[in-house]
Amino acid sequence: MRVLAILQARVSSTRLPGKVLKSILGKPMIVRQIERETLVASIDKLVVATSTDPSDDILVKVLEQHNISVFRGSLDNVLDRCYKVASLYKPDHIVRITGDCPLADSDVVDRVILEHIEYDADYTTNCLPPSWPDGLDVEVMKMNTLKTIWEESELPSELEHVTPFIRKHPDRFKIHNVESDIDLSRLRWTVDEEEDFEYVTNIYENLYPMNKNFKIKDILGYLKNNPENDSINLKYSRNEGSKSSLAKDEQYLYRSKK
């Protein structure tokens, strides 16, 4: 297999529990996102990697009802979860996406994958630095890169967020970043808070009925014509979840020294 997409998801989200199952136009948010991800031409297979925790039983049931492949692994060690599902399929490259991005754009994902392969990078992303809306983040890595970080990562942030080890060691990995033609990084299209969900639902309600595969330009056009909807969730900052992981790192390092 050339390219495997691993979509991380769990029900026990800290800030907005159950968000992946919240309904957008009659279907769970995660199913709406996967509808968009499956349009990526470069992806051979998509698997949702969730946890073995009982709280995710309902998620697995929903995904199976929609004929979506599922793997279950560690709740907290997401890196281990990703590596083990990748080991089952043995792809050349892994695309890592998270289940809180229902506005994911298949063209953006395709571009990141194709540039990753073209540049023969170990790791490719579109957020170093970010220039796309928060919620359109994509990461692609070689299988042997994933194996390396799985073997060497130790800090809680590295295990929870999968790729920090790569970013900390740019001397060891060939890293490539894909930039947007215009800086859209101020926009927040991810779902971590209730306002985020309202924002995304509003976009779906206004664009999906006319075009199920609406694109970035369609969203930008809608927001330009409806500026009152543009700032509903901008008070939240990007990557809030990584801050709590860094606090766990400090505790881990403190205990290691004792």
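Is Tyr 83 buried or exposed? Tyr 83 is buried, at a relative accessible area of 11% (buried is under 20%, exposed over 50%, partly exposed in between, with a 1.4 Å probe and protein chains only). The model is predicted: local features need pLDDT of at least 70, side-chain atom pairs count only at pLDDT 80 or more, and totals for chains, interfaces and linings use all residues. Residues are numbered from 1 along each chain as its sequence is written, and side-chain values use heavy atoms, leaving out hydrogens and water.

Four aromatic pairs occur in the structure (rings of Phe, Tyr and Trp, the last by its six-membered ring, pair if their centres lie within 6.5 Å; planes under 30 degrees apart are stacked, over 60 edge-to-face, the rest tilted). The Tyr 83 and Trp 150 rings are stacked, because their centres are 4.0 Å apart and their planes at 15 degrees. Tyr 83 belongs to helix α3 (residues 78-89) and Trp 150 to helix α5 (residues 143-152), so the pair ties together parts 67 residues apart in sequence. Helices (H or I, at least four residues) and strands (E, at least two) are DSSP runs, numbered from the N terminus. Trp 150 is partly exposed, at 31% relative accessibility.

One aromatic cluster is formed by Tyr 204, Tyr 208 and Phe 214. Arg 32 lies over the face of Tyr 208, 4.7 Å from the ring centre. The charged end of Lys 22 sits over the Phe 197 ring, 4.7 Å from its centre. Such a contact requires NZ of Lys or CZ of Arg within 6 Å of the ring centre and within 35 degrees of the ring normal.

Pro 17 is in the loop between β1 (3-8) and β2 (23-24). Pro 17 is exposed, at 58% relative accessibility.
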